[in-house]
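Here is a short report on one model.

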Amino acid sequence: MNSDPRIQHLLRRAGFGASVAEAAAFAEIGFLPAIEVLVDYHRTPDEVDQFIGQGGYAGVTPSSGGMEPFSPATIVNDARQRWLFRMLHTHRPLQEKMVLFWHQHFATAYSKIANAVGGVLATQMMAAKRSEHPAGLPGQIELFRELALPNFRDLLFEVARDPAMLFWLDGRLNTRARPQENFAREVMELFTIGVGQFTESDVYAGARVFTGWNLQRIGEPRDPGTFYQFLYNGAQHDTGAKTFSFPIYTNGNKTIPARAESGGMEDGRDLIAALARHPETGRRLARKLWGFFISEIQPPSDAFVARIATAYTQSDCHMASVVRAVLSSPEFDSPSSYFSRFSWPAEYVARALKELGYTGFTLNRALNPLSNMGQQLFEPPDVNGWERGAGWFTTASMLARMNFAATLTSSQRADIAAVAGGQGPTPEALLSFFLDRVTPSRFEPPAYDTLLEYLRSGGAWTGGASQLRVKAPGLLHLIVGSSEYQFV
Amino acid sequence: MTLSRRDFVRGGIAAFSLGFEAPRFLCDIALAQGASFRSLVVVYLAGGNDSLSMLVPYRDPSLQTRRPTLAVPAGQVLQIGRDGAGNELGLHPRLTGLRAMFNEGRLALVQRTGYANSSRSHFEGTDIWSTANPLSTQGPGWLGRYLDTIPPTLDPLFGWNTASETPHALLSRLVAVPSITNPASYAFGSPNSAAEAELERAAAARMSSHLPSQRPHLAFVNASMQSALATLDRVATVGTYVPAVTYPNNGFALALRAVAGALVTQIGTRIFWVQTGGYDTHASQAGTYPNLMGTLNDGLTAFYQDLGSHGLLNDTLILQFSEFGRRINENGSGGTDHGAGSVMMAIGGQVRGGIYGTAPSLAPDPSNPTLENNGTDVRYETDFRSVYACVIDRWLGADSASILGGDFRNGSPEFL
């Protein structure tokens, strides 16, 4: 093997896989220091976006069909390409990986917002960088990027007043006279403590807590600089006391006191702090991080959940400490965890591009395949996010993965044939060479032998250039489209 | 509950990889089924359908007071008569095609379907309707359990999910139901030309035929690939289907068009899943709900006419459900929040059309027996499992008690 399997495992999980050069660079650093580099990503410059459009990187194609330049702050398919570009080329892979985690956790769909306000403002709310926003506000995905590993309570607070979320779960319409329950329910059921930990009357009380957490439009509808921003509307806030079934304050008090309109936003701060502090939130995050980083095949032990929940509590909800504890756990480092997680479509695409190459490949060509695989970025099916694990795999989505492998190997034919030349005195040597460059889980003899038979099928093996131009892409199509490759 | 679903899939995989065998084809299935060609098309309205706007008790004086902007006015509903208790009912004005089916006696409406202590969570609620078990929502779905009863091995195309994710209701121990959103793109690609592509396809089929018992997760993905490869050619024939009627150009209607194609071309599929979303109408419902009803009506009407023109109505049953109904009072956003009891529909040539069950009284009285949750939500009258039981026993010819884990025939609305 060219590469260190522990490093490959780390980079598949805490990133999106690795090119040969990236794997070598992290191997040089070593496993535990590499975790520190990944977690302390602030020490690595965030410069990836400046490479968009440059040679030597995957390409992007303006979705407007050339009518406008590449516009990831206003056109959603361009935003999707920019995010894929970041997954593929970032030097801060764990940050980008956590952005995907939070996108799943706080699953918000672009289409509902676009239906309300049109595609330009909806893309701005989902994906604009501060530097691209008229008032310097971050789109939701940029919020996740800024708060990917800092404090979960802060993230939850920002999400509660995030314009995209206020559209998505209707908080913008939550008023004193008619409280809106949508956000209040999901902030408990999905974002923090989970079903079984709260009652219906907690949902009603929670809706009242967030009354007046609304939106305002700045500028006229046709004004090119118009945007939506959070507005705390005290006149629409329910100022009465709200009592919950779980403690809101550290002294055990379950009642948020009646407050004047002007101070009513403190209700939400108190509830969010209580939900972040609730012991079940740490445990739920621990279980979710287990499934994301360690294994979907084995459940976490009670000891692991308790250990990670303790790291969460003791660090006062600091996600860098929590994720560091996950990645440095013996469970993570165990070979039994390798390839024990079903890869998400976005991970599959990014890793295939890293391992097979992207010469002349524009990320625009990955968007429809991703949708067919079941993961259109910025478009989770509902607030519970995508169905993960085995749920990614249906007949159609597996075909879509296989067909993306076909598209990619076809586009990389020249490079693949070039590296194969000189490696292929025999089918065995060629297969061995490629199994070193790409990282499927182990092929058992029946599958391994079938790959060899494929190389020998259709005519005598010569290993010549014209044969390699067909057989090498065909082989990689089979490997990258195999079930063995669908695990990280 | 996300974990519980994933836990199931994990548990299900182990059983699955042991039970999975090579697919069999139409003639075998026809024999196994006693040459029955009855098919079931389940239509899921995702998000919690506001049944009080679909089937409107338009004379109830509380409807207008509790829904000042959302009540469908008596003058606009499509009147369909009274239920057994004398409540006058009307369909949403966009459901013109459904009223025609009703007038032909081919549409049954079952009012106030649900279960005790109805979940207000989309996900738990959907799991309950999927497993038909309010107490434990793990394990295979009710349709999956039906599939598991069909011996000895099942054609992977016996079921067809038109949605992109496999619904919990179709999760089975023994068969991976294919998800085919678009028959035209359900094809095997290759970096190479036709002859070489055939070699790759043959290799992919051999590789995925290996189901290692020590690696059930790998076996599961292999089985998905195997099902795909085994069904590609038959699905391709559906992709060429030219319907007798024009379907609207939206996802729901195109899914129904594919179902019609599968039925007309007789590829052997018997259980179909179709869903359409947008029913979680927390806000601005007056604007969105008519569009939802339009999509539902226009898609089902085209499908009904298409089937009728091919003489397939008597062999087809359409069953519609949603995970819950919505709150009676409209909220301040011009929408409705999560509620409880809802309406189910059954459509088909052998359906005994009519109105089943009784409408709720909407009087906001905490002691009103047709409501729950202090008079805020519609209380169920007919257990949804008794509707399933009717379908399983009388349409699919299976044993509802064993599939549903209990006898729900008592009180079953006799729409078949």
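## Helix packing and the chain contact

Helix α23(A) crosses α24(A) in a right-handed sense. This is a predicted model. The two helices, α23(A) and α24(A), pack with their axes 10 Å apart, at an angle of about 155°. Angles over 145 degrees count as roughly antiparallel, and α23(A) and α24(A) are therefore roughly antiparallel to each other.

Which residues make this contact? From α23(A) come Leu451(A), Tyr454(A) and Leu455(A). From α24(A) come Lys471(A), Gly474(A), Leu475(A) and Leu478(A). By class, the contact of α23(A) with α24(A) has five nonpolar residues, one polar and one charged.

The contact between the chains takes 56 residues from chain A and 52 residues from chain B. On the side of chain A that touches chain B, four helices each supply at least two residues: α11 (182-189), α20 (395-411), α23 (445-456) and α24 (465-480). The helix α20(A) gives the most to that side, with eleven residues. The table sorts the side of chain A that touches chain B by class.

| Class, chain A side | Residues |
|---|---|
| Nonpolar | 18 residues |
| Polar | 24 residues |

Now to chain B. Helix α5 of chain B spans residues 96-103, and Leu98(B), Met101(B) and Phe102(B) in this helix are buried. Seen down the axis of α5(B), the buried residues fall within an arc of 105°, so they line one face of the helix. In general, an α-helix has 3.6 residues a turn, so residues three or four places apart point the same way.

What do the buried residues of α5(B) pack against? Their partners in chain B are the strands β3 (78-82), β4 (88-91), β5 (107-114) and β9 (342-348), together with helix α11 (285-309). Just after α5(B), Gly105(B) takes a positive phi of about 80°.

Another residue of chain B is Arg257(B), found in helix α10 (residues 251-264). Is Arg257(B) buried or exposed? Arg257(B) has 24 C-beta neighbours inside 10 Å, and so counts as buried; the cut-off for buried is 20 or more. Leaving aside residues up to four places away in sequence, Arg257(B) touches Pro243(B) and Tyr247(B). Glu196(B) lies elsewhere: from C-alpha to C-alpha, Arg257(B) and Glu196(B) are 33 Å apart in space, and they are 61 residues apart in sequence.

How values were computed. Residues are numbered from 1 along each chain as its sequence is written. Chains are lettered from A and ligands numbered from 1 in the order in which they are written. This is a predicted model: local features need pLDDT of at least 70, side-chain atom pairs count only at pLDDT 80 or more; totals for chains, interfaces and linings use all residues. A residue is buried if 20 or more other C-beta atoms lie within 10 Å of its own, exposed if 12 or fewer, and partly exposed in between; C-beta atoms are placed from the backbone. The arc is that of the directions from the helix axis to the C-beta atoms. Two residues are in contact if their C-beta atoms, placed from the backbone, lie within 7 Å. Ala, Val, Leu, Ile, Met, Phe, Trp, Tyr, Cys and Pro count as nonpolar, Asp, Glu, Lys and Arg as charged, and the others, Gly among them, as polar. Axes are lines fitted to C-alpha atoms, for helices over the stretch in contact, and angles run from 0 to 180 degrees between N-to-C directions. Angles under 35 degrees count as roughly parallel, over 145 as roughly antiparallel, 65 to 115 as roughly perpendicular and the rest as oblique. A crossing is left-handed if the near helix is turned anticlockwise from the far one by less than a right angle, and right-handed if clockwise.
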